Amino acid sequence: MRIKGLAFLPLLLAASLAACSGEPQPESPPPPPVTVATPLQQEVRDWDDYVGRFEAIQDVNVTPRASGYLQVVHFRDGDFVREGQLLFTIDPRPAQAQLDQARAQLARAEATLVNARTELARSRTLAQSQAASTEEVEQRQAALRAAEADVNAGRANVRAQSLNLGFTRVVAPISGRISQRRVDPGNPVIADQTVLTTIVSTDPLHFAFDGSEALLLRYQRQNAGRQAGSEVRIRLQDEATYAHSGRLDFLDNAINPGSGTIAARAIVPNPDGFLKPGMVGQLRLAGTPGYRALLVPDTAIATDGIRRLVYVVDREGNATGKPVQLGPLVGNLRVIRGGIAPQERVVIDGLQRIMPGQKVTPRMGRIQPPSNEQAPAEPVQSAPASVATPVAAGGR
């Protein structure tokens, strides 16, 4: 055993000499560099996302109120028509003949009335000279009343036939965009049954969607005692920004117990008619009034189990993780509802270089404000065309 101990003696002496020689030891690595910045303070609003569909406020099936053969169509398919504009003409000759007959019957009744008045006046004169009996006078009075009733009935019949003649002119009940005609001239139509075309109103439009119970509670509290609804913004499926604005104008009176949602509707101006009923869109509903918020880049958020952290650096270069309460995204920035102070320096770059218990070298940076546009998170792509062909030199 002593021989083995002596074998290590040269090694121990060599190590002692090296320690006493004054050679420099390897230096520890410098603290890793990170970029820090104070949270951006900005006025923001919270928005809730929903998917829905545009609907016309008025949607009318145009049906005739008179039967007959369709004679003329007075519009082009897809036109914008005004209320009262002539759309169709049904052959008016049968209705005109019935009106003429009603007028002739009225003329006969009026002639009978004039004769009844004359006969009554003659009977009264004769009765005064005892040349006519009281019964005869009463008969003449009854004949006069019957003649007056016939005249009133004749006048009512003339008015009815005049209406029937007017119903041969089918006019637009509302202003809006008209569809294609469903019946061509020469075909018979039946009153109150045959659908000739449809008209939908275009400005404004409704945007219908299903909201949550939380939406109902928030809307009732925010708009208690106020007439104006919450602001909404809508984008179509091929749009990158929420370019269409409107206001919430309707919430249903009950929650659907099966889905736990409530039918809601916004009203959206459409002066140029670009939006069409049936279009699908994504709606953002203002969830809160504007408030002052702290924002940091979403990439500055670290995960520790179920907690969300941001790292703050003190004046000595110590990086400490602080649990935070997260809010919604504003562009690429995240709203921080609680957990940090406005003056604290938050690590916005180099998060992956931070080691627990190790100092860092902070470099001041700046958080850029987000864009005002409400851009979607996913990229927007238009649907591809089905086929393409070369364009000839002549432009065909």
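Which residue does Asp298 meet in a salt bridge? I looked it up: the side chains of Asp298 and Arg334 meet at 3.1 Å, N to O. I took a salt bridge as a side-chain nitrogen of Lys or Arg within 4 Å of a carboxyl oxygen of Asp or Glu.

Asp298 sits in the loop between strand E17 (291-297) and strand E18 (302-304), and Arg334 in strand E22 (residues 333-338), so this pair ties together parts 36 residues apart in sequence. Strands here are DSSP runs of at least two residues, numbered from the N terminus.

Note on the source: this is a predicted model, where local features need pLDDT of at least 70, side-chain atom pairs count only at pLDDT 80 or more, and totals for chains, interfaces and linings use all residues. Residues are numbered from 1 along each chain as its sequence is written, and side-chain values use heavy atoms, with hydrogens and water left out.

I checked accessibility next. Buried means under 20% relative accessible area, exposed over 50%, partly exposed in between (1.4 Å probe, protein chains only). Asp298 is partly exposed at 31%. Arg334 is buried at 18%.

Then I turned to Asp49. Asp49 bridges to Arg284, with the closest N and O atoms 3.0 Å apart. Asp49 lies in strand E3 (residues 47-56) and Arg284 in strand E16 (residues 280-286), so the pair joins parts 235 residues apart in sequence. Asp49 is partly exposed at 41%, while Arg284 is buried at 14%.

Asp184 pairs with Arg181 at 2.8 Å between the closest N and O atoms. I found Asp184 partly exposed at 39%, and Arg181 partly exposed at 35%.

Last, I noted a network: salt bridges link Arg45, Glu231 and Arg233. The count comes to 11 salt bridges.

Methods. Helix = DSSP H or I, 4+ residues; strand = E, 2+ residues; numbered from the N terminus.
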